[in-house]
Amino acid sequence: MKNDCVMPLGNLINKLLRGEADEWCETDFRFYLESLTHGDKKKLEQVLKTVDEAIVNWKSLSFISRYEDKIKEWKEGKCSMGEVDELYFEEELWRKEGKRLLTAETLYAAISSKGFINDYHRDAMEKALDDNDIRFLKMDWGNMMLAQIRVFRDVVVSSLGVASSKPVNDKGNTGIVLKKLEDYPEEFGIKLCSEFTGYAIQTLYKLTSKGEIPCYRRKGEGRAVFFYRDEIREWKMARRQGTNEEYVEEMNEMLAARTAHFYNNPNKLKK
């Protein structure tokens with residue numbers, strides 16, 4: 001495996017938040033967690049806490065200015081000039097603290113640099129830019145930037161579901177703790193497949209019965225199944241791709257609904 005399983009957690013989190021870990025996949029995250037925590041529940045809980053704190057901190061590093069909206073409220077008699085001044089000085093303080101001011105232009109540029117999902121996505125982002133819909137652009141940008149760390153978080157949560165609350169004692173294990181892809185044999189049974197994929201044994205049996213996972217049986221061994229490591233890795237990546245395609249489909253539906261809303265309400269279109 002190309003990825004560094006001994007990388008400090010903070011370094012990995014920073015790479016994920018900067019979008020510099022595109023080569024990492026779900027299986028890589030599982031290997032990394034095993035190397036970092038050895039399945040210890042308390043260590044996994046600390047990892048989850050650290051990840052959640054990092055996401056909250058990342059969100060706090062930028063803001064959308066409400067100053068122009070506050071001016072409009074003042075002109076309409078909905079707030080006092082004191083409230084306007086208070087917001088102005090608050091936003092100035094955020095700038096001095098290094099927080100990033102988000103605008104429709106900077107958000108569109110950031111989304112464009114990451115790459116559009118498809119032409120439909122591009123059209124929706126361009127329309128949001130024309131409408132100065134900063135909040136919609138911020139939501140899309142946030143989803144793109146946090147996508148990988150959310151996958152990592154899901155792996156942590158999944159690992160917590162099967163983690164032991166007792167400290168791991170390697171001397172009591174009947175086998176070696178596997179940390180890298182090459183540490184797994186090229187061919188293995190249902191138990192190692194469960195460890196490799198993170199799926200429960202019962203779930204794997206259901207998948208085999210439905211023909212939804214590549215598996216094999218030998219004559220005379222009844223229901224016993226075995227798997228090829230590389231095939232299962234490809235299967236996992238394909239399932240991850242399926243998840244991405246579902247996301248794209250959901251995004252398309254959301255963008256279609258949003259576009260229809262604007263065209264059905266012409267007064268909301270920018271003139």
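Modeller: Before any element is named, a convention: helices (H or I, at least four residues) and strands (E, at least two) are DSSP runs, numbered from the N terminus. By this count, the secondary structure of the protein comes to 11 helices and four strands. The model is predicted, so local features need pLDDT of at least 70 and side-chain atom pairs count only at pLDDT 80 or more, while totals for chains, interfaces and linings use all residues. Residues are numbered from 1 along each chain as its sequence is written, and side-chain values use heavy atoms, with hydrogens and water left out.

Colleague: What percentage of the residues in the protein is buried?

Modeller: Buried means under 20% relative accessible area, exposed over 50% and partly exposed in between, with a 1.4 Å probe and protein chains only. Of the 271 residues in the protein, 35% are buried.

Colleague: Which residues of the largest nonpolar core touch the most other members?

Modeller: A nonpolar core is a set of buried Ala, Val, Leu, Ile, Met, Phe, Trp, Tyr and Cys residues joined through side-chain atoms within 4.5 Å. The largest one here has 42 residues, of which M125, W141, I149 and F152 touch the most other members. Two or more residues each come from α1, α2 (26-37), α3 (41-60), α6 (104-114), α7 (119-130) and α8 (134-162). The most come from α8, which gives 13 residues.

Colleague: With which residues is F152 in contact, leaving aside its neighbours within four places in sequence?

Modeller: Contact means heavy atoms within 4.5 Å. With those neighbours left aside, F152 is in contact with L9, L12, L16, F29, Y32, L33, V47 and V51. There is also a second, separate core of 14 residues, which includes Y184, L204, L207 and F227.

Colleague: What share of the contacts with a separation of 6 or more is between residues 24 or more positions apart?

Modeller: Such pairs account for 68% of those contacts. T27 is buried, with a relative accessible area of 3%. Apart from neighbours within four places in sequence, T27 is in contact with F196, R233 and K236.

Colleague: Which residues of helix α9 are buried, and where do they fall when seen down the axis?

Modeller: The general idea is that an α-helix has 3.6 residues a turn, so residues three or four places apart point the same way. In helix α9 (residues 190-197), the buried residues are I190, C193, S194, F196 and T197. Seen down the axis of α9, they fall within an arc of 165°, so they line one face of the helix; the arc is that of the directions from the helix axis to the C-beta atoms. Just after α9, G198 takes a positive phi of about 85°.

Colleague: At what angle do α9 and helix α10 pack?

Modeller: Axes are lines fitted to C-alpha atoms, for helices over the stretch in contact, and angles run from 0 to 180 degrees between N-to-C directions. Angles under 35 degrees count as roughly parallel, over 145 as roughly antiparallel, 65 to 115 as roughly perpendicular and the rest as oblique. α9 and α10 (residues 201-209) pack at about 105°, with their axes 9 Å apart, and are therefore roughly perpendicular to each other. In this contact, I190, K191, C193, S194 and T197 of α9 meet I201, L204 and Y205 of α10.

Colleague: At roughly what angle do the axes of α4 and α5 cross?

Modeller: The axes of α4 (residues 67-75) and α5 (residues 81-96) cross at roughly 175° and come within 9 Å; the two helices are therefore roughly antiparallel. The contact is made by Y67, K70, I71 and W74 of α4 with M81, E83, V84, L87, Y88 and E91 of α5. Also in α5 is W94, which is partly exposed at a relative accessible area of 22%. Neighbours within four places in sequence aside, W94 is in contact with F63 and K99.

Colleague: Where is H38, whose phi is positive, found?

Modeller: H38 lies in the loop between α2 and α3, and its phi is near 55°, a positive value in a residue other than glycine. N132, in the loop between α7 and α8, has a positive phi of about 55° and is not a glycine. H38 is partly exposed at 25% relative accessible area, and N132 counts as partly exposed at 46%.
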